[in-house]
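Here are my notes for you to read with the structure open beside them. Take the points one at a time and find each element on screen as you go.

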Amino acid sequence: MKHPLPLIWRMIPEKYYIMGSHCSTCKNDFFPFRQICPNCRRLGKVSEKRMPPTGTIYSFTEVSAPPSGFEFESPYPLAIIELDNKVKILAQIVDCPMEKIKIGSRVTMRFRRVGDDDEESAISYGYKFALIEDSASASAPAPSAKADKPAKASKATAAKG
Amino acid sequence: MRGVSIIGGGLSKFGERWDKSFRDLVVEAGTAAVIDAGIEGREIQAIYGGCMSSGRLVGQEHVGALFADFLGLNPIPATRCEAACASGGVALRAGFLAVASGMYDVVAVGGVEKMTDFDSADVAIALGGAGDMEHELFFGATFPALYALMARRHMLEYGTTEEMMASCSVKNHKNAVHNIYAQYRNEITIEDVMNSGYIASPLKLLDCSPITDGAAAVILCASEKAKKFRKDPVEIIASSQASDTISLSNRHCMTELHATKVAAADAYRHARLTPKDIDVAEVHDCFSIAEIMAIEDLGFFEKGKGGPASLEGLTALNSEISINTSGGLKATGHPVGATGIKQAVEIMWQLQGRADKRQVNDAEIGMTHNVGGSGATAVVNIYKRL
Amino acid sequence: MVHAGIAGYGVYVPYMRIKIPEIAKVWGKDGDKSARGLGVYEKSLGAIDEDSATFAVEAARRAFEHCKLDPQRVEAAYVGSESKPYAVKPTASIVAEALGSTPHLTAADFEFACKAGTAAIQACMGQCIAGMIDLGLAIGADAAQGRPNDALEMTAGAGAAAFIITSKKEEQIATIEKTYSYTTDTPDFWRRSHAEFPMHAGRFTAEPAYFKHVGECAREIMKRTGTKPSDFDYFVPHQPNGKFPVRVAKLLGFTEAQVKPALVTPFIGNTYSGAAMIGLSAVLDVAKPGQRILVTSYGSGAGSDGFIITVNDLIDQKRPPKERHFFELINNKTYVDYATYAKHRRKIKSM
């Protein structure tokens with residue numbers, strides 16, 4: 001779906017770095033940003049606050065019937081993530097196979113394009129989340145040592161200079 | 001506040017109505033309702049119409065005026081109501097309040113949606129507007145995806161299974177076999193649902209209500225005058241509505257619809273009834289998990305027991321409580337704006353003994369439950385023969 | 001004289017890989033022979049929702065995470081790329097906004113083929129030395145376009161490296177002692193404004209282009225500083241494939257041991273504006289205080305930026321954590337086939 005430019009621009013703080021709000025009266029964080037604290041209303045003192053970029057998966061699904069503008073990404077995982085300040089946020093999960101996504105998995109914010117690109121309009125960027133790999137779960141090893149041997153000079157194929 | 005009753009109702013056939021335009025559907029249902037009520041058009045004093053997506057899909061706004069115009073009812077006041085999938089429900093409530101307040105004696109309430117002309121990916125965008133456009137739809141969250149997120153929590157917290165969800169669809173299809181207005185009148189099995197392919201895991205194609213064209217209408221009348229029109233009006237003895245956060249991630253609990261619980265509690269209190277008093281209920285099964293949550297939230301079954309109850313057949317026709325005798329949204333179809341009104345028409349037929357092979361024996365008290373979005377609006381009405 | 005230095009660095013390589021034989025077989029070529037000939041075994045590619053701007057943001061965020069400096073201090077942000085998402089609209093402002101460095105800074109995008117990122121480093125250095133800024137950000141990021149059935153399709157990779165440049169000695173994990181560039185107008189590889197894929201001049205890209213400029217740059221910077229190859233612990237040349245950097249190292253008199261730690265292309269392909277900078281990052285991951293590094297990037301068109309860098313004690317405190325070292329982070333990967341690669345790289349007509 002194509003969004004109007006001013007909308008994309010207004011959404012930058014929340015889409016680029018999850019800018020939400022904090023009410024110092026009831027001491028709660030909210031996302032998305034709200035001028036009116038739902039607990040305190042007129043008595044609330046609300047200010048901008050960045051939400052933490054890490055959290056835990058609270059629920060997830062794999063979307064196989066995408067809305068327009070998401071056809072090329074389909075299927076894609078979508079999750080409700082409970083950020084480390086207990087605020088929940090909905091976002092896509094990237095860079096991992098569906099089987100690895102579990103309720104309770106730890107995730108961290110990534111910066112990605114959102115939705116399809118028609119190559120003429122402005123691009124929407126925003127947050128998506130990736131699993132935090134523990135160092136024990138490295139996958140396939142690096143390729144063989146052959147890559148390190150120097151070539152015979154005359155056999156160089158045409159290549160980018 | 002005085003009593004309000006339904007004196008007539010009618011539906012268009014629900015389905016892929018290539019032959020009928022948006023306004024044709026309104027006329028089809030509206031005419032049926034007026035004939036059923038035995039009134040003349042000039043007796044209607046106001047119209048309330050529910051429709052969610054006419055602007056986005058059909059390109060038509062100002063549908064209140066369109067209804068009045070094409071039903072030949074100018075110059076009466078005509079107002080469109082919108083609350084996503086509860087557009088019909090809130091239109092019904094607006095009509096109810098207009099009569100209860102004493103402002104009007106007779107009003108018409110209708111709901112309509114024209115959806116099948118359009119590409120399903122575009123319809124998904126239009127329906128996505130029922131959620132949070134900037135924070136849910138923006139990231140590709142369709143309606144099935146939002147309910148799927150709730151389903152997975154319900155499965156984790158209560159052990160609800162995909163088979164339990166499937167049993168709701170199976171039961172609804174079975175009921176719709178006897179509903180001449182339904183989009184789908186074929187029986188299906190749990191295996192059919194399990195094999196129907198994921199739309200948004202764990203929800204599969206047959207866990208999801210379809211895209212449908214259709215319209216429904218009722219004529220409301222002050223109870224004190226209703227018997228002038230027919231001997232068996234059905235009174236709306238309670239009408240309640242509640243709201244909740246538009247975004248699923250802002251909810252306190254993701255395994256229930258709090259708005260349903262609030263509206264239901266208010267309706268039971270107002271009618272001085274409990275869930276045990278309800279004989280038949282049309283609940284909002286936009287997805288099979290929604291039916292399971294609904295029968296819990298409305299108090300028919302304990303929290304977490306909705307799944308087992310469905311699988312055990314406790315919500316089948318003439319079992320412990322008959323749920324969605326029309327076939328629900330799943331089998332009758334879900335022309336968004338019409339659903340809330342269709343539910344009222346079904347309950348009216350049930351309480352009048354006109355539900356034919358879908359009849360709940362000795363049905364005295366009925367309920368309708370209509371939800372908007374992922375639960376941001378809920379309308380709960382209770383009905384009784386006048 | 002004030003010397004500018006590196007305060008921190010970060011590398012981002014996208015998750016997907018495609019093996020060179022997987023590409024070669026589509027065009028009827030011998031995969032193993034191609035891979036051996038190029039010295040490249042697999043290359044990285046971004047997903048359909050990634051581009052050089054998203055790479056740049058990730059690399060920059062990591063750089064700040066590693067050295068723990070405040071992104072608000074950035075007074076100049078430059079991104080070098082030859083695969084910008086917008087031909088007109090800077091990536092640098094997107095990065096600056098995403099880091100929270102706006103609004104009190106200057107920003108611009110650079111282009112000089114594969115040396116756009118190192119040119120950005122030079123710009124930051126100049127502003128630091130002149131006292132115009134205290135902290136600058138230079139990024140080399142590319143999601144390179146590989147023309148179907150072209151040799152370069154097999155090596156064009158994706159990734160980014162971000163370097164935080166500081167004027168303050170006490171913040172420098174490595175000091176840049178000297179920079180020198182060798183530039184001529186040599187059209188060995190180019191992409192016209194409306195073209196989707198670059199053109200190159202085949203074998204001409206080797207001797208008169210890559211080898212000439214890297215060679216002359218290295219020789220001249222060593223001449224001007226009175227240094228020779230044995231004075232350095234590491235040599236980081238630009239690396240369009242796995243063979244050229246090794247050959248140029250040998251021609252200049254460097255040993256295999258000096259260049260090997262910098263060789264990243266065999267594992268992720270040629271990351272273009274990112275290549276020399278990712279190579280430098282891989283070296284900084286392991287370099288010890290007191291060691292010296294000679295970097296010579298190369299950009300077609302053509303030019304080579306040389307840097308002589310001395311590693312400081314501070315590196316032991318500000319190095320990225322082990323899982324962010326290049327040779328660790330590349331292990332978080334998944335392999336795809338040519339069809340999936342073509343989908344994500346939008347090579348399918350009418351996508």
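1. Start with helix α14 of chain B, residues 336-351. In this predicted model, helix α14(B) lies across β1 (4-11), β2 (46-50), β4 (106-113), β7 (214-222), β8 (234-243), β9, β11 and β12 (377-385) of chain B. Against β4(B), the helix runs at about 125°.

2. Now look at the strands themselves. Chain B has an open sheet of ten strands with mixed pairing. Which strands are the edge strands? They are β3 (78-81) and β10 (322-323) of chain B, and each of them pairs on one side only.

3. Strand β9(B), residues 280-282, pairs with strand β11(B), residues 365-372, in the parallel sense. Three bridges make up this pairing.

4. Step back to the whole of chain B. The domain assignment divides chain B into domain 1 (4-118 + 212-234) and domain 2 (140-206 + 237-385). Between the C-alpha centres of these two domains of chain B there are 23 Å. Their contact draws on 38 residues from domain 1 of chain B and 31 residues from domain 2 of chain B. On the domain 1 side, β1, α4 (87-100), β4 and β7 of chain B each supply at least two residues. Which element gives the most to that side? It is α4(B), with eight residues. By class, this side of domain 1 of chain B has 21 nonpolar, twelve polar and five charged residues.

5. Chain C can be read in the manner of the previous point. The domain assignment gives domain 1 (5-172 + 317-344) and domain 2 (176-315) of chain C. Taken over C-alpha atoms, the centres of these domains of chain C are separated by 16 Å. Here the contact takes 49 residues from domain 1 of chain C and 44 residues from domain 2 of chain C. Several elements each supply at least two residues of the domain 1 side, including β1 (5-12), α5 (116-129) and β6 (135-143) of chain C. The most comes from α5(C), with six residues. Sorted by class, this side of domain 1 of chain C has 25 nonpolar, 16 polar and eight charged residues.

6. Stay in chain C and find helix α7, residues 244-252. Why is this helix largely enclosed by the rest of the structure? Seven of the nine residues of α7(C) are buried, so the helix is largely enclosed. The buried residues are F244(C), P245(C), V246(C), R247(C), V248(C), A249(C) and L252(C). They pack against α6 (206-225), β11 (234-237) and α8 (256-259) of chain C. Just after the helix, look for G253(C), which takes a positive phi of about 100°.

7. Chain A has an open sheet of three strands, in the order β2-β1-β3, with antiparallel pairing. Strands β2 (28-30) and β3 (46-50) of chain A each have a single partner strand, so one side of each is left without a neighbour in the sheet. From one strand to the next, the twist averages 35°. Strand β1(A), residues 19-23, is joined to β3(A) by five bridges. Among the partners, H22(A) has S47(A) as its bridge partner in β3(A).

8. A word on confidence in chain A. Its mean pLDDT is 85, and 82% of the residues of chain A reach 70 or more. Over residues 135-161 of chain A, though, the pLDDT is below 50. Beyond near neighbours in sequence, that stretch has 62 contacts in the model.

9. Finally, see how the chains meet. Of the two pairs of chains that touch, chains A and C have the most contacts between them. Between chains A and B, 25 residues of chain A are in contact with 27 residues of chain B. On the chain A side, β4 (54-63), β5 (76-83) and β6 (88-94) of chain A each supply at least two residues. That side of chain A has 17 nonpolar, five polar and three charged residues. Chains B and C do not touch, and their nearest C-alpha atoms are 12 Å apart.

Definitions and conventions. Residues are numbered from 1 along each chain as its sequence is written. Chains are lettered from A and ligands numbered from 1 in the order in which they are written. This is a predicted model: local features need pLDDT of at least 70, side-chain atom pairs count only at pLDDT 80 or more; totals for chains, interfaces and linings use all residues. Two residues are in contact if their C-beta atoms, placed from the backbone, lie within 7 Å. Helices (H or I, at least four residues) and strands (E, at least two) are DSSP runs, numbered from the N terminus. Ala, Val, Leu, Ile, Met, Phe, Trp, Tyr, Cys and Pro count as nonpolar, Asp, Glu, Lys and Arg as charged, and the others, Gly among them, as polar. Domain bounds come from an automatic or database domain assignment. Two strands pair if DSSP finds at least two bridges between them. Axes are lines fitted to C-alpha atoms, for helices over the stretch in contact, and angles run from 0 to 180 degrees between N-to-C directions. pLDDT is the predictor's confidence in each residue, from 0 to 100. A residue is buried if 20 or more other C-beta atoms lie within 10 Å of its own, exposed if 12 or fewer, and partly exposed in between; C-beta atoms are placed from the backbone.
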